[in-house]
Amino acid sequence: MKEGHQFNQYSPKVIDHFTNPRNVGEIEDADGVGEVGNPVCGDLMKLYIKVKNGKIEDAKFKTFGCCAAIATSSMLTELIKGKTLSELKEITNKVVTEALDGLPRVKLHCSVLAEDALKAALKDYYKKQNKENQDETN
Ligand code: FES
């Protein structure tokens with residue numbers, strides 16, 4: 001049978017997060033923003049994080065992509081909220097995918113977008129922090 005993208009290939013959790021995504025939007029005064037593209041398909045994800053006392057206070061996303069990309073983005077924001085910055089190292093695409101009860105094999109590449117967006121947002125956060133620290137010492 002030809003592999004397609006039928007709805008029934010997706011777990012109920014994937015369908016739930018795709019049809020009712022959590023934390024969609026932007027954070028205007030975000031502490032870190034990660035924007036990444038999936039080279040396989042060209043889909044895009046933008047992740048905004050707000051950090052307070054070393055923890056993710058808020059996270060929002062905008063994803064222009066397939067249902068697996070939207071579901072993983074949504075689950076990612078749910079997983080990272082309230083986590084400390086060091087705990088975020090454990091949030092890989094595998095963790096996000098498992099939290100969604102898996103993805104069809106052909107859609108696994110989509111979950112990489114979420115992991116990459118998190119890495120990019122953290123990189124941006126640390127860059128901004130360094131800049132602020134430098135500005136303060138100057
Ligand atoms: Fe592009 Fe899923 S097909 S992220």
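Axes here are lines fitted to C-alpha atoms, for helices over the stretch in contact, and angles run from 0 to 180 degrees between N-to-C directions. Helices (H or I, at least four residues) and strands (E, at least two) are DSSP runs, numbered from the N terminus. The model is predicted: local features need pLDDT of at least 70, side-chain atom pairs count only at pLDDT 80 or more, and totals for chains, interfaces and linings use all residues. Residues are numbered from 1 along each chain as its sequence is written.

Start with the helices. Helix α1 covers residues 12-19 and helix α2 covers residues 67-80. Their axes lie 8 Å apart, at an angle of about 85°. That makes α1 roughly perpendicular to α2 (65 to 115 degrees; under 35 is roughly parallel, over 145 roughly antiparallel, the rest oblique).

Which residues of α1 and α2 meet? From α1 come V14, H17 and F18; from α2 come C67, A68, I70, A71, S74 and M75. Contact means that C-beta atoms, placed from the backbone, lie within 7 Å. By class, seven residues in this contact are nonpolar, two are polar and none is charged. Ala, Val, Leu, Ile, Met, Phe, Trp, Tyr, Cys and Pro count as nonpolar, Asp, Glu, Lys and Arg as charged, and the others, Gly among them, as polar.

Now look around α1. Its buried residues are V14, H17 and F18. Buried means 20 or more other C-beta atoms within 10 Å of the residue's own, exposed means 12 or fewer, and partly exposed lies in between, with C-beta atoms placed from the backbone. The three cover an arc of only 100° around the axis, so they sit on the same side of α1. The arc is that of the directions from the helix axis to the C-beta atoms. These buried residues pack against α2. P12 and T19 are exposed on the other side of α1.

Next, the sheet. Three strands form an open, antiparallel sheet in the order β1-β2-β3. Strands pair if DSSP finds at least two bridges between them. β1 (32-37) and β3 (55-64) are the edge strands, each pairing on one side only. Neighbouring strands are turned by 15° against each other on average, direction ignored. α2 packs on this sheet, touching β2 and β3, and its direction makes about 175° with that of β3.

Follow the pairings. Six bridges join β1 to β2 (residues 44-52). V36 is partnered with M45, and G34 with L47. Six residues separate the two strands in their hairpin, where G42 has a positive phi of about 90°. Nine bridges join β2 to β3. Here K50 is partnered with D58. This hairpin has two residues between the strands, and N53 takes a positive phi near 50°.

Technical notes:
Contact = placed C-beta atoms within 7 Å.
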